[in-house]
Amino acid sequence: MVVKIEQIHETGLKLDEPIGLALLQEVLGGAGQDTGFRATRPSTLHASLRKVSGGVLLQGEFTAHVAAPCKRCLVDVAMDVPVSFTLNLVPEALARGEDVGGEESGAEQGETAGSFELEDADEELFDGKTIDLDPIVREQVLLALPMNAVCREDCKGLCAQCGQNLNEKKCGCETKVIDPRLAPLMNIKLN
Ligand SMILES: [Zn+2]
Ligand SMILES: [Zn+2]
């Protein structure tokens, strides 16, 4: 998924690009990092690119279809994670201060319409010629993943003693749980 800068005309460029299962899988579980999530379906990136102030404003959104075991009861949970982002892609040369006589004034005189969005957008550098969307998609998926995958908010989890899924039925084990941090205190009292 590479966009050449000359493909972006005055009116901007809108794209619907497939995001393959392999790309998503690689982000979620490949290359030394295991997020605990896996991709279940391919997706489509809806992106719009617009030239602004020497750079490119990229707005994108897609839904990542993922699954992960519930943190408490280990049941598989399917999730549709909405991903949306706005990036201000700045040519490396511009960022280094080349070819520009006063970036500030240039930005103000040029695009007044896009300035609000520009202020809000995260800045990212690119070579000024081509924009590779793959690494952007990778990064945004990771940012959008929920911290904790749980099957439901009130998931009761597994019994620590017998492993019974307590959402399904009670197991009858002693439910007295001693917080390991409090255990030393309790010993002091008992002795
Ligand atoms: Zn659960
Ligand atoms: Zn039990």
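**Reading burial, core and helix packing**

Colleague: With 19 C-beta neighbours inside 10 Å, does Cys-70 count as buried or partly exposed?

Modeller: Cys-70 counts as partly exposed, because it has 19 C-beta neighbours inside 10 Å and a buried residue needs 20 or more. Bear in mind that this is a predicted model.

Colleague: Where does Cys-70 lie, and which residues does it touch beyond four places away in sequence?

Modeller: Cys-70 is in the loop between β5 and β6. Beyond that sequence range, Cys-70 touches Val-75, Val-77, Ala-149, Val-150, Cys-151 and Cys-155. As for Asn-148, it stands 78 residues from Cys-70 along the chain, yet their C-alpha atoms are separated by 8.0 Å.

Colleague: What share of the chain's contacts with a separation of 6 or more comes from residues 24 or more positions apart?

Modeller: The share is 67%.

Colleague: How many helices and strands does the chain have, and what pattern do they follow along the sequence?

Modeller: There are six helices and eight strands. In sequence order they run β-β-α-β-β-β-β-α-α-α-β-β-α-α. On burial, 18% of the 191 residues in the chain are buried.

Colleague: Which residues touch the most other members of the largest nonpolar core?

Modeller: That core has 27 residues, and the ones touching the most other members are Leu-24, Leu-28, Val-56, Leu-58, Val-66 and Leu-89. Two or more core residues come from each of α1 (21-29), β4 (43-52), β5 (55-69), β6 (76-91) and α5 (133-144). The element that gives the most is β5, with seven residues.

Colleague: Take Leu-89; what does it touch, leaving aside residues up to four places away in sequence?

Modeller: The contacts of Leu-89 in that range are Gly-55, Val-56, Leu-58, Glu-124, Phe-126 and Ile-131.

Colleague: How should I read the buried residues of a helix such as α1, and which are they?

Modeller: Start from the general idea: an α-helix has 3.6 residues a turn, so residues three or four places apart point the same way. In α1 the buried residues are Leu-24, Val-27 and Leu-28. Seen down the axis of α1, they fall within an arc of 90°, so they line one face of the helix. Their cover includes β2 (13-19), β3 (38-39), β5 and α5.

Colleague: At roughly what angle do the axes of α1 and α5 cross?

Modeller: Two packed helices are described by the angle between their axes and the distance between the axes. For α1 and α5, the axes come within 10 Å and cross at roughly 50°. The two helices are therefore oblique to each other. The crossing of α1 with α5 is right-handed. On the α1 side the contact is made by Leu-23, Leu-24 and Val-27, and on the α5 side by Asp-134, Val-137, Arg-138, Val-141 and Leu-142.

Colleague: Turning to the backbone, what is the phi of Ser-53, and is Ser-53 buried or exposed?

Modeller: Phi of Ser-53 is near 40°, which is positive in a residue other than glycine. Ser-53 sits in the loop between β4 and β5. Ser-53 counts as buried because it has 20 C-beta neighbours inside 10 Å.

Colleague: And what is phi for Leu-74, and where is Leu-74 found?

Modeller: Leu-74 is not a glycine, but its phi is positive, about 70°. Leu-74 is in the loop between β5 and β6, the loop that also holds Cys-70. With 14 C-beta neighbours inside 10 Å, Leu-74 counts as partly exposed.

Methods: Residues are numbered from 1 along each chain as its sequence is written. Chains are lettered from A and ligands numbered from 1 in the order in which they are written. This is a predicted model: local features need pLDDT of at least 70, side-chain atom pairs count only at pLDDT 80 or more; totals for chains, interfaces and linings use all residues. A nonpolar core is a set of buried Ala, Val, Leu, Ile, Met, Phe, Trp, Tyr and Cys residues joined through C-beta atoms within 7 Å. A residue is buried if 20 or more other C-beta atoms lie within 10 Å of its own, exposed if 12 or fewer, and partly exposed in between; C-beta atoms are placed from the backbone. Helices (H or I, at least four residues) and strands (E, at least two) are DSSP runs, numbered from the N terminus. Two residues are in contact if their C-beta atoms, placed from the backbone, lie within 7 Å. The arc is that of the directions from the helix axis to the C-beta atoms. Axes are lines fitted to C-alpha atoms, for helices over the stretch in contact, and angles run from 0 to 180 degrees between N-to-C directions. Angles under 35 degrees count as roughly parallel, over 145 as roughly antiparallel, 65 to 115 as roughly perpendicular and the rest as oblique. A crossing is left-handed if the near helix is turned anticlockwise from the far one by less than a right angle, and right-handed if clockwise.
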